[in-house]
Amino acid sequence: MVWMVVGADQQDRSLAKDLLRGIKQRFPRLQKILGDGGFESSKLARWLTLTERCLLWIMKRSDTNTFDVQPKRWIVERTLAWISNYRRLSKDYEVDPKTSELNICLAMTRVMLRKIKYA
């Protein structure tokens with residue numbers, strides 16, 4: 001899992017290269033990257049294909065007002081729900097983004113350890 005915490009005044013797609021640079025060395029079997037509408041950019045998709053040799057899949061929310069299950073989007077929503085169960089991550093308490101990144105790492109480590117324990 002890879003994450004980066006930044007201010008709300010910054011665009012997702014403008015920081016994606018910083019987040020994903022060298023990801024293929026860390027995860028050699030990676031073939032597809034799922035992103036939401038904030039990452040929709042033909043330049044970013046081209047860069048990922050040529051540089052990192054990965055495909056970018058944009059998973060948009062449904063434009064209708066009805067509930068439609070979106071393929072693979074539930075993975076992101078489920079992960080965000082797990083993270084929001086932790087008090088320090090339920091609200092924006094932190095001043096330094098690095099502290100939020102550490103709290104995400106700790107929360108997801110705990111989630112993974114619990115999954116291993118009950119598997």
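**Pockets and cores**

Student: How do the residues of the lining of the largest pocket divide by class?
Tutor: In this predicted model, local features need pLDDT of at least 70 and side-chain atom pairs 80 or more, while totals for chains, interfaces and linings use all residues. A pocket is an open set of points on a 1 Å grid over the protein atoms alone, where a 1.4 Å probe fits, with protein on both sides within 12 Å along at least five of seven lines; lining residues have an atom within 4 Å of a point. Ala, Val, Leu, Ile, Met, Phe, Trp, Tyr, Cys and Pro count as nonpolar, Asp, Glu, Lys and Arg as charged, and the others as polar. The lining splits into 28 nonpolar, four polar and 13 charged.

Student: Which helix gives the largest share of that lining?
Tutor: Helices are DSSP runs (H or I, at least four residues), numbered from the N terminus. Several elements supply at least two residues each, including α1 and α6. The largest share, seven residues, is from α4.

Student: Which nine residues form the largest nonpolar core?
Tutor: Residues are numbered from 1 along each chain, and side-chain values use heavy atoms, without hydrogens or water. A core joins buried Ala, Val, Leu, Ile, Met, Phe, Trp, Tyr and Cys residues through side-chain atoms within 4.5 Å; buried is under 20% relative accessible area (1.4 Å probe, protein chains only). Here they are A16, L20, I23, I33, L44, W47, L48, C54 and L56.

Student: And which helix supplies the largest share of this core?
Tutor: Both α1 and α3 provide at least two of its residues. The largest share, three residues, belongs to α3.

Technical notes:
Buried < 20%, exposed > 50% of the residue type's maximum accessible area, 1.4 Å probe, protein only.
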